Amino acid sequence: MYLSQYQYYDNAGQTPRDKNWGSYQYVSLYDIVNNFLLNYTGNHSLVNNEERFKVLFHAKRGIQELNYDAFKEIKALELEVDDQLRFILPSDFVNWVRISVNRNGLLHPLTENAQAVTSKAYLQDSDYDILFDEDGNALSPEFSELDIKRILGQAPTIYLNSGNQYNGHLGYNCDGNWYFGYRMGARFGLQTGTANANPTFAIDKKRGVINFSSIMAGEIVVVEYISDGMEGGDDSLVSVNKLFEEYIYAYINYCILDSKLGVQEYIVNRARKRKTALLRNAKIRISNIHPSRLLMAMRGQDKWIK
Amino acid sequence: MINSVRNTVLSILNKNNYGYISPSDFNLFAKQAQLDIFTSFMSDYNEQINKENSRISGTEYADLRKAIEADIDDFSVTNPLQLDSSNKYFLPSLTTTGDEAFFINKVLSYTELLANGTTDGTVVAENQCVDSTADFIEDGVAVGDIVALIADSIVEYVTVLAVTETSITTTGVLWTVTDIPYAVYRPTKKEMERVTHSKITMLENAPLIMPKTDWPAYTQEGIRLTAYPSEISTVGRVVAQYLRFPREPKWTFVSLTSGEPMFDQSQLDYQDFELSLDFENMLVSKILQYAGMSIREITAVQFGQADEQMEKQAKQ
């Protein structure tokens, strides 16, 4: 249903007033399922006699897939890192985009630590045999040695922070490689990919936390991440950008035809090609590539590089 | 139409002194004939759809699908279903909705329940119900919302005209007594999807597509349907659109002393055929077949069959 200006700007006097702001960009899940059932199914359509829950399933799956890469809808959550150097992943987290520490109002992007920073451990006796409880489960300490060292800031690291052997030493950069003085011995440089003084992090997906290096306790961290667009199960909030509306119909159509018995292969292929082409178009559209933007970027050519 | 059909049937039967059928026999044959035609609507409709998909059906006045749809829709009714217990509702029946359902086409449910309870007061002159335990303002009841209530064991709907904390003024004159069970809904309805018993358990455990008030579902068992999610359990929340069986035709008469019954449609149990005039020929043919069998006159049966066949071909 189209909104009046009053409904759009003021939510018709109801709270929250900003409920409908920007809503015109989106088409709701209800509209998608309803429109699909009305216009793409029936006695004279390729799809007929399909349950609504199947259409709903494919619609939601399509929206999930779009949220993973095509939509540019990045969520952000700011939390303080606890004293175990953990940041619990957002409740609708699927994958991360960027993790930054907020210092003095500036966001400093952090580097993902390629080293293992967390580990599970089992208790062992003096003969290195694993200890078990009466149920036969291996006994675990609260933290592994690796975790304790990380939390206490004693873990050596390849990154340029307090745990690194080069930390605090002057060096010089030549041809992209860092070199340090003789006090450090003969060094052939460090990896520039790890030459970052900011703290590092590693994501423990199974435990649902981001583990940080030692100096992060109490720091404010902003996690930018993508979700699957399911809005915590509240279907009234699930929506699709209108640029992808036709793609979603094509996606549902294809998924149903692809899994339906007796549909000719050329029809399935036609549906697949249509779906793919529409996705391509929608991605180009949402990229907002237009002359004025290109012009602004191209103006950089006149800048003098010192 | 019923008298005209009877006269035609008797005229054909009497032509060669084949015999005579009594009014009670005629009524039995008429019921059977009407039912035969009525139940063939669905298969005729399906056949027509197949023709359309094979591109051998025309449009505009040649669009027979529209005609069949109109014939079917003559028997379409929409009624609220009576609540049995928890999330179970009685399917349409003579006792709950006043008619038997031949085919349940769709079931709807109100998506948002605002308030429900039992009235403990009424202002009859103002069409107002009172529930001193309720807070309708807090519940968000507003003008235009729908109130379902039980009046004379039947679910009725009225619309909210005014609201106070403990009373609602509505359309209709139904709040004549107290202790009336009621429920207030937003006017929005969603179609409930019929799900088989083999699927419903899995569906309930599928987070992505589990039944919700916005995507409600139901299963059917005996004379009841079970609504999902189970919070669909209040008075008047479920409405069904279905095709009812046609009413039994009844040719009524007054007996004259000379013996010949004379048609009298003023009798209380009079019931005409409910099929359109279009089906008069087919009714005659079908009744002739039954009557022919009854009086053991094979010629009448054959005539009826041939006539029916011609009628069917003409319709195609």
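**View 1. Crossing of helix 3 and helix 5 in chain A of the predicted model.** The crossing that helix 3 of chain A makes with helix 5 of chain A is right-handed. Helix 3 spans residues 52–70 and helix 5 spans residues 245–259; their axes lie 9 Å apart and form an angle of about 125°.

**View 2. Residues at the contact of helix 3 with helix 5 in chain A.** Helix 3 of chain A contributes A:Val55, A:His58, A:Ala59, A:Arg61, A:Gly62, A:Ile63, A:Glu65 and A:Leu66. From helix 5 of chain A come A:Tyr247, A:Ile248, A:Tyr251, A:Ile252, A:Cys255 and A:Ile256. By class, the contact holds 10 nonpolar, 2 polar and 2 charged residues.

**View 3. An open sheet of 4 strands in chain A.** The strands follow the order 2-11-4-5 and their pairing is antiparallel. Strand 2 (75–80) and strand 5 (106–109) stand at the edges with a single partner strand each, so one side of each has no neighbour in the sheet. From one strand to the next, the twist averages 30°.

**View 4. Pairing of strand 2 with strand 11 in chain A.** Strand 11 covers residues 220–226 and pairs with strand 2 of chain A in the antiparallel sense over 6 bridges. Opposite A:Leu77 stands A:Val223 of strand 11.

**View 5. Domains of chain B.** Domain 1 comprises 2–73 + 247–315, domain 2 comprises 79–106 + 193–233, and domain 3 comprises 113–185. The C-alpha centres of domain 2 and domain 3 of chain B are 25 Å apart.

Technical notes. Residues are numbered from 1 along each chain as its sequence is written. Chains are lettered from A and ligands numbered from 1 in the order in which they are written. This is a predicted model: local features need pLDDT of at least 70, side-chain atom pairs count only at pLDDT 80 or more; totals for chains, interfaces and linings use all residues. Side-chain values use heavy atoms; hydrogens and water are left out. Domain bounds come from an automatic or database domain assignment. Axes are lines fitted to C-alpha atoms, for helices over the stretch in contact, and angles run from 0 to 180 degrees between N-to-C directions. Helices (H or I, at least four residues) and strands (E, at least two) are DSSP runs, numbered from the N terminus. A crossing is left-handed if the near helix is turned anticlockwise from the far one by less than a right angle, and right-handed if clockwise. Contact means heavy atoms within 4.5 Å. Ala, Val, Leu, Ile, Met, Phe, Trp, Tyr, Cys and Pro count as nonpolar, Asp, Glu, Lys and Arg as charged, and the others, Gly among them, as polar. Two strands pair if DSSP finds at least two bridges between them.
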